[in-house]
Amino acid sequence: MNHDTICALATANGVGAIGIIRVSGEKSFEIVNKVFEGKNLEKVKSHTVHYGFIVDGKEEEREKTRDEDANNKEIIDEVMVSVFHAPKTFTTENSVEISFHGSPHIGAKILEVLIKNGARMAKAGEFTMRAFMNGRIDLSQAESIADLIASENEASRKVALNQLKGGISQEISVLRGDLLNFTSLIELELDFAEEDVEFADRKALVGLIKRIQAKLKSLIDSFQYGNAIKNGTAVAIIGKPNAGKSTLLNTLLKEERAIVSNIAGTTRDTIEEILHIKGHAFRLIDTAGLRDTEDEIEAIGVQKAREKVSQAEILVYLAAANSEDFSEDIRMVQSLVREDLELIICLTKIDEVVPTAFDTIENQFRDALHTPFDFIKISAIENRNIQELKNELSSYVENLKAQEGGVVITNQRHYEALQKSLYSVTQVEEAVSQNITTELLAYELRNALEHLGEISGEFTNDEVLGNIFSKFCIGK
Ligand code: GDP
């Protein structure tokens, strides 16, 4: 149990009709009462709202200290104060919310008097961390609160809300429960080691392992869709100089102007542009040079293209329909394809050639490339088949969605924990098949349980926790 009483601004730091300061901890009522003129907050019922004033130095406090300047009491703001008694609160601790007139200056002054009277500033994510520490929510739920706050579209809001309701934790804890039962049996065998008994049916254990593996795999697979929802799908547009890359980019972005934004890549030094198609976000990788027509002379090296494509889930390769020879394009595509890369070959400038040429060109690509791809014929200048290209992009995400079966993983930490779990569960499977000693089997089982427990936070160390909660903003 944490005995400090913490306070922080819960609303965005800026001007608004109302700002809210949140206070949580054992002494919340006592501290706020010292600066509140209105009802005695230590006597009011839980979940009630009270009108009054926040003041710097209440009269009775000053009478106690026989302060000569007792009349210089300063009213900071007219407020509404909500009182919540433990344990039915967000943090499970006594909590108060002060709604004030939304000026950052007033907010800062109220925090100042709260701190003067015994509260301390909350650290980033500390309210949510307390909710977790006090057992009100598990770790994946805490993380989904961060996701919910950060959600920018409908799909990611729904996924985060589903997790907040305990989606992943439930699925995982059912699996973990089954595995735990087996582990107990195996450990019981250890207690009876001399008698050479087998309480845990190895065949049933393998059956369970297979079920767990299938479940873990489907959760791991859902990450691709989860990632597409949360971070958008990365698309690389590649082609020889003059293939029509910048013209296509401009055409794609022109229609979407209202929602197009430039974001500086945070983890790498590339510029990405975001394209929204049917509610899904597509990140166009490294378009820095593309929009700048000055750059069109610069030949794109295979190495540079590879780097771009390595970050992408979809490659849109552009080849100009009026080219004499496609062998260079084909070689380029051959050197870029990978198994997990969706390939779209776009024949550009189709307004410049007769339609009878299209099939011959497509066949050249089909004959040379032994990998499936979509072939789309476009004219960016005449805006022909641009919608078809967009449909193709959005159907990529739709297909991912069709593959996932309910709970969607969006969180990198969960993804990694699931992968580690899958690995350790597979180790258990091997241990059984190799008839390994019961001690080692028990060890592998405990290992797998631990990894599964990492997701809901049943097994975590302080470093992991600190890392998770530091990503929250203060006041959350
Ligand atoms: P990039 O070097 O791949 O970015 O190619 P650009 O987009 O700069 O295009 C090269 C040239 O092809 C420019 O003169 C464009 O106007 C022209 N171009 C691009 N797309 C089309 C198209 O769909 N039809 C026609 N006729 N010309 C195009």
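Me: Helices (H or I, at least four residues) and strands (E, at least two) are DSSP runs, numbered from the N terminus. With that settled, which loop is P87 in?

Reply: P87 sits in the loop between β5 (74-84) and β6 (95-101). The model is predicted, so local features need pLDDT of at least 70 and side-chain atom pairs count only at pLDDT 80 or more, while totals for chains, interfaces and linings use all residues. Residues are numbered from 1 along each chain as its sequence is written, and side-chain values use heavy atoms, with hydrogens and water left out.

Me: OK. What joins A86 and P87?

Reply: A cis peptide bond, with omega at about 5°.

Me: Switching to the ligand. Which residues come nearest?

Reply: N242, K245, S246, T247 and D351, out of 15 residues around the ligand. A residue makes that list if one of its heavy atoms lies within 4 Å of the molecule.

Me: What about N242, what's its phi?

Reply: N242 has a positive phi of about 70°, although it isn't a glycine. N242 lies in the loop between β8 (233-239) and α9 (245-255).

Me: And which ligand atom does D351 reach for?

Reply: A nitrogen atom, which lies 2.7 Å from a polar side-chain atom of D351. That's a polar contact (a pair of N or O atoms within 3.5 Å).

Me: What do G244 and K349 do there?

Reply: G244 uses its backbone: an N or O atom there is 2.9 Å from a ligand oxygen. K349 has a side-chain N or O atom 3.0 Å from an oxygen atom of the ligand.

Me: Now helices. How do α8 and α14 cross?

Reply: The axes of α8 (residues 202-231) and α14 (residues 412-433) come within 9 Å and cross at roughly 155°. Axes are lines fitted to C-alpha atoms over the stretch in contact, with angles from 0 to 180 degrees between N-to-C directions. So α8 and α14 are roughly antiparallel to each other. Over 145 degrees counts as that, under 35 as roughly parallel, 65 to 115 as roughly perpendicular and the rest as oblique.

Me: Which residues of α8 and α14 make the contact?

Reply: On α8 they include L205, I209, L216 and F223, and on α14 they include Y415, L418, L422 and V425. Contact means heavy atoms within 4.5 Å.

Me: What's the make-up by class?

Reply: The α8 contact with α14 has 14 nonpolar, five polar and four charged residues. Ala, Val, Leu, Ile, Met, Phe, Trp, Tyr, Cys and Pro count as nonpolar, Asp, Glu, Lys and Arg as charged, and the others, Gly among them, as polar.

Me: What's the angle between α11 and α12?

Reply: About 40°, with the axes of α11 (residues 327-336) and α12 (residues 357-368) 10 Å apart. That's why α11 and α12 are oblique to each other. D329, I330 and Q334 of α11 meet Q364, F365 and A368 of α12. By class, that gives three nonpolar, two polar and one charged.

Me: And how do α10 and α11 pack?

Reply: α10 (residues 302-310) packs on α11 at about 45°, axes 10 Å apart, and that makes α10 oblique to α11. V302, A305, R306 and V309 of α10 touch M332, S335 and L336 of α11. Sorted by class, the residues come out as five nonpolar, one polar and one charged.

Key
A polar contact is a pair of N or O atoms within 3.5 Å; within protein, one must be able to donate a hydrogen and the other to accept it, and residues adjacent in sequence count only if both atoms are side-chain atoms.
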